[in-house]
Amino acid sequence: MTAIDPQALADEEREARRARLFTRINKADGWFQVLGLSFITPVLKAIAGDNPRAQMQEIWRLLGVPVLAICVFLIAWGTLAPKVQTSLGAVPGPKEVWTEAVNLHEDSQAKAAKEAKFYDRLEARNQKFIDKGQPEKVKQIAYTGAPSYYTQIWTSIKTVFFGFLIGSAIAIPLGIMAGLSPYANAAINPLIQIFKPVSPLAWLPIVTMVVSATYTVEDGLFSKAFLTSAITVTLCSLWPTLINTALGVASIDKDLVSVSKVLKMNTYTKVTKLVLPSALPLIFTGLRLSLGVGWMVLIAAEMLAQNPGLGKFVWDEFQNGSSSSLAKIMVAVFTIGIIGFLLDRLMYAIQSLFTFSNNR
């Protein structure tokens with residue numbers, strides 16, 4: 001009879017727990033990469049005792065080097081900025097920009113409180129008329145105060161997503177048609193080549209006139225400035241999705257196409273079961289590019305259409321010309337960049353979810 005070594009069992013159990021731990025870390029690594037937090041994986045592995053020296057090198061590469069680069073940038077910015085004089089004074093350094101960011105935050109909180117107070121008074125007024133039996137005097141009045149910085153950010157995000165969704169609804173079906181049919185591709189390709197390079201500044205006057213002529217409702221769901229900006233985003237951002245969708249559909253395995261013919265699949269089944277799953281990675285690449293293009297286009301569109309978003313904020317501060325305007329514009333520049341990064345991460349996360357579901 002063979003004796004059981006308790007120490008060997010304990011070691012085996014320890015190794016099994018360690019293996020399960022590393023399995024969980026490796027599974028979480030995919031989401032850390034989606035969120036832009038890939039440096040967490042080597043930190044966790046180092047804590048778990050997986051070659052700490054090698055993991056420290058990864059931590060330095062993924063976290064230390066970027067942080068060092070940002071610090072060098074901030075030092076260079078703070079050193080060189082005061083030496084550049086403009087009509088509004090010296091270019092603000094990191095400290096001045098941070099101060100204005102805090103001021104914008106506090107101003108947004110004050111404006112939000114003022115708006116809430118306005119609606120509280122309005123609700124109390126209406127309730128008083130209801131209690132007196134005079135419902136005909138009840139009014140719903142919109143707050144007309146100046147929008148806060150956060151409100152302008154939210155307006156820009158809503159506008160870009162509205163234009164992006166319209167563009168995607170147009171681009172994906174057209175891309176599928178172009179990828180499946182050489183005749184459709186021959187018809188669509190010249191339009192892509194002509195309209196893809198057109199600047200939003202060229203589209204904007206045309207869109208403005210068309211919206212003004214066709215959208216004549218004064219109290220409609222959307223304002224004319226909002227529609228003008230959103231449609232301009234649509235016209236400039238749909239091309240990457242259209243091109244990548246057509247390329248992805250045209251590149252699917254020919255054997256799959258043959259299988260669909262053998263099984264006598266109808267067009268809908270062929271597209272949903274074979275074409276879209278195979279073309280999904282390139283479609284999402286196009287969607288990410290389109291959203292990035294749309295976000296860049298939006299700022300210029302809002303400046304000229306005077307849609308109350310970040311673009312209008314930048315334009316108003318430029319026109320204001322106060323001593324703090326340049327710092328506020330730089331706050332907006334960093335806000336635009338950070339939101340652009342977050343939008344790309346969001347699309348990457350959605351792509352990962354779809355890809356995971358498709359591979360199950």
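1. A pocket here is an open set of grid points, on a 1 Å grid over the protein atoms alone, with protein on both sides within 12 Å along at least five of seven lines, and its volume is the space filled by probe spheres set on those points. The model is a predicted one, and in it the second largest pocket holds about 380 Å³ of space, while the largest pocket has a volume of about 480 Å³.

2. The second largest pocket is lined by 16 residues, with W98, A101, V331, F334 and I338 lying nearest its centre. Two or more lining residues come from each of helix 3 (52-80), helix 4, helix 5 and helix 12 (325-359). By residue class, this lining divides into 14 nonpolar and two polar residues, with no charged ones.

3. The largest pocket has a lining of 20 residues, and those nearest its centre are P147, T151, T155, K158 and P308. Helix 4 (94-131), helix 5 (149-180) and helix 8 (224-250) each contribute at least two residues to this lining, with helix 4 giving the most, namely four residues. The lining of the largest pocket is made up of 11 nonpolar, six polar and three charged residues.

4. Helix 4 deserves a separate look. With 38 residues, helix 4 reaches 55 Å from its first C-alpha to its last, which is close to the 56 Å expected at 1.5 Å a residue. Its buried residues are V97, E100, L104, S108, L122, N126 and F129. An α-helix has 3.6 residues a turn, so residues three or four places apart point the same way. Just after helix 4, G133 takes a positive phi of about 75 degrees.

5. In the loop between helix 4 and helix 5 sits I141.

6. T234, which lies in helix 8, is buried because its relative accessible area is 5%. Its side chain reaches the backbone oxygen of G163 at 2.8 Å. Residues up to four places away in sequence being excluded, T234 touches G163, I166, G167 and I170.

7. A305 belongs to helix 10 (residues 267-305) and, at 19% relative accessibility, counts as buried, a class that ends at the 20% cut-off. The contacts of A305, not counting residues up to four places away in sequence, are with L204, A225, T228 and S229. Although A305 and P205 are 100 residues apart along the chain, their C-alpha atoms are separated by 9.0 Å.

8. Q306 is placed in the loop between helix 10 and helix 11 (310-320), and its relative accessibility of 33% is why Q306 counts as partly exposed. Most residues other than glycine have a negative phi.

Technical notes: Residues are numbered from 1 along each chain as its sequence is written. This is a predicted model: local features need pLDDT of at least 70, side-chain atom pairs count only at pLDDT 80 or more; totals for chains, interfaces and linings use all residues. Side-chain values use heavy atoms; hydrogens and water are left out. On a 1 Å grid over the protein atoms alone, a cavity is a set of points where a 1.4 Å probe fits but cannot get out, and a pocket is an open set with protein on both sides within 12 Å along at least five of seven lines; lining residues have an atom within 4 Å of a point. Ala, Val, Leu, Ile, Met, Phe, Trp, Tyr, Cys and Pro count as nonpolar, Asp, Glu, Lys and Arg as charged, and the others, Gly among them, as polar. Buried means under 20% relative accessible area, exposed over 50%, partly exposed in between (1.4 Å probe, protein chains only). A polar contact is a pair of N or O atoms within 3.5 Å; within protein, one must be able to donate a hydrogen and the other to accept it, and residues adjacent in sequence count only if both atoms are side-chain atoms. Contact means heavy atoms within 4.5 Å. The expected span of a helix is 1.5 Å times one less than its number of residues.
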